[in-house]
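Welcome! Please take a moment with the sequence and the model before reading on. This short report walks through some of the features you can find there.

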Amino acid sequence: MKTVSESACFGGTQGVYTHRSKACACDMTFGLFLPQEARDGPVPLLWYLSGLTCTHENAMTKAGAQVWAAEQGIALVFPDTSPRGEGVADDEGYDLGQGAGFYVNATQDPWAAHYQMWDYVTDELPALLGETFALDMDRQAITGHSMGGHGALTMAMSLPGRFRSVSAFSPITNPTASDWGRKQLSEYLGNNEELWSPHDATLLMRANGFDGPMLVDTGTQDQFLDLLKPEALAEATAARRQQMTFRMQPGYDHSYFFVSSFMEDHVNFHAEALWA
């Protein structure tokens with residue numbers, strides 16, 4: 001692992017690091033904020049998964065999460081959204097290929113050689129973080145925006161006991177029934193739609209639910225509402241009688257102005273679960 005940069009940030013340290021990923025067969029980059037409490041021992045960890053076209057840097061610089069994480073004494077990790085580099089398959093569209101890994105393990109060519117983002121985020125990167133930094137890996141929570149909200153919800157519901165809480169900003173909630181999903185899942189996983197179900201938060205809610213607190217925020221003026229389908233997850237959650245705080249925020253769109261406006265709520269929500 002190589003240190004790209006480390007900067008003082010709200011009494012802690014905001015770092016950027018690269019490492020060779022076995023899962024993705026390329027170099028990967030991530031951001032990690034450690035609060036000052038990490039100097040004295042392991043601290044809880046909140047994952048932030050970013051959306052389409054993003055890198056590790058977008059949320060790290062735009063979401064304003066570090067100030068609230070520092071206040072709560074928790075760490076933040078910002079993984080990249082896909083494998084990158086020479087020889088890594090890509091597409092001319094913004095919503096497929098580099099910057100659009102969709103947090104799945106691809107099985108189809110040309111994607112399968114590098115696009116193993118599920119294994120990277122749930123296995124390889126956690127192992128590296130736990131071995132290298134002062135993190136309490138028994139206290140993890142997860143959040144994300146848009147495609148990252150999709151990833152956060154599906155991982156939380158697929159890995160019982162891993163995350164103490166889950167939240168999402170404008171998540172893609174029903175990708176098997178959306179153009180933000182059907183295109184990518186067919187490309188990465190093939191045309192057998194039964195293989196798509198483990199990556200659909202609405203279907204996972206119906207099948208599994210989540211054994212902890214959930215928080216989902218979406219803006220009423222989100223320009224992608226028809227693709228996100230928040231009502232599908234809300235209906236599945238209500239049918240299961242699952243605990244979840246579901247909020248449609250008046251006037252907000254899909255941007256980081258929306259994410260940063262409610263980041264304090266989400267960090268505090270996770271801190272309550274992480275320190276319980």
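Two strands are said to pair if DSSP finds at least two bridges between them. Please keep in mind that this is a predicted model.

## Strands side by side

Let us begin with strand E3, which covers residues 26-34. E3 pairs with E2 in the antiparallel sense, over 9 bridges. Along this pairing, Gly-15 stands opposite Leu-32 of E3. The hairpin made by E2 and E3 has 4 residues between the strands, and in this hairpin Ala-25 takes a positive phi near 55°.

E3 also pairs with E5, again in the antiparallel sense, here over 4 bridges. If you look for Phe-30, you will find that its bridge partner in E5 is Pro-79. Is E3 mostly covered or mostly open? It is mostly covered, with 7 of its 9 residues buried.

## The nonpolar cores

Which residues touch the most other members of the largest nonpolar core? They are Phe-30, Leu-32, Trp-47, Leu-129, Ile-142 and Tyr-188, in a core of 60 residues. Helix H3 gives the most to this core, with 7 residues. Apart from this core lies another one, of 24 residues, and among them are Tyr-48, Met-60, Phe-78 and Met-263.

Tyr-188 deserves a visit of its own. Leaving aside residues up to four places away in sequence, Tyr-188 touches a list of residues that includes Leu-96, Gly-97, Phe-102, Val-104, Gln-108, Trp-111 and Tyr-115.

## Aromatic pairs

A pair of aromatic rings is described by the distance of the centres and the angle of the planes. Rings whose centres lie within 6.5 Å count as a pair, and by this rule the model has 11 aromatic pairs. One of these is the pair of Tyr-48 and Phe-78, which is tilted, with 6.1 Å from centre to centre and 50° between the planes. Tyr-48 belongs to strand E4 (residues 43-49) and Phe-78 to strand E5 (residues 75-79), so their pairing ties together parts that are 30 residues apart in sequence. Are these two residues buried or exposed? Tyr-48 counts as buried because its relative accessibility is 2%, and Phe-78 counts as buried because its relative accessibility is 1%.

Trp-111 and Tyr-188 form another aromatic pair, this one edge-to-face, with 5.5 Å from centre to centre and 90° between the planes. Here too the pair links distant parts of the chain: Trp-111 sits in the loop between E5 and helix H3 (117-132), while Tyr-188 is in helix H5 (residues 179-189), 77 residues apart. Both Trp-111 and Tyr-188 are buried. Elsewhere, Phe-169, Tyr-252, Phe-258 and Phe-262 form one aromatic cluster.

Most residues other than glycine have a negative phi, and most peptide bonds are trans. A few places in this model are worth checking with that in mind. Where is there a cis peptide bond? The bond from Asp-109 to Pro-110 is cis, with omega near 0°, and Pro-110 lies in the loop between E5 and H3.

Phe-10 has a positive phi, near 50°, although this residue is not a glycine. You can find Phe-10 in the loop between strand E1 (2-9) and strand E2 (12-21). Phe-10 counts as exposed because its relative accessibility is 53%. Ser-170, also a residue other than glycine, has a positive phi near 45°. Ser-170 lies in the loop between strand E7 (166-169) and H5. With a relative accessible area of 0%, Ser-170 is buried.

## A serine and its contacts

Our last stop is Ser-178, found in the loop between E7 and H5. Ser-178 counts as buried because its relative accessibility is 2%. What does the side chain of Ser-178 reach? It reaches the backbone nitrogen of Trp-180 at 3.0 Å, and the backbone oxygen of Leu-227 at 2.8 Å. Not counting residues up to four places away in sequence, Ser-178 touches Leu-227 and Lys-229.

Terms used. Residues numbered from 1 in each chain as written. Predicted model: local features only at pLDDT ≥ 70, side-chain atom pairs only at ≥ 80, totals over all residues. Heavy atoms only, no water. Phe/Tyr/Trp six-rings, centres within 6.5 Å; stacked < 30°, edge-to-face > 60°. Helix = DSSP H or I, 4+ residues; strand = E, 2+ residues; numbered from the N terminus. Buried < 20%, exposed > 50% of the residue type's maximum accessible area, 1.4 Å probe, protein only. Core = buried A, V, L, I, M, F, W, Y, C linked by side-chain atoms within 4.5 Å. Contact = heavy atoms within 4.5 Å. Polar contact = N/O pair within 3.5 Å; in protein donor to acceptor, adjacent residues only side chain to side chain.
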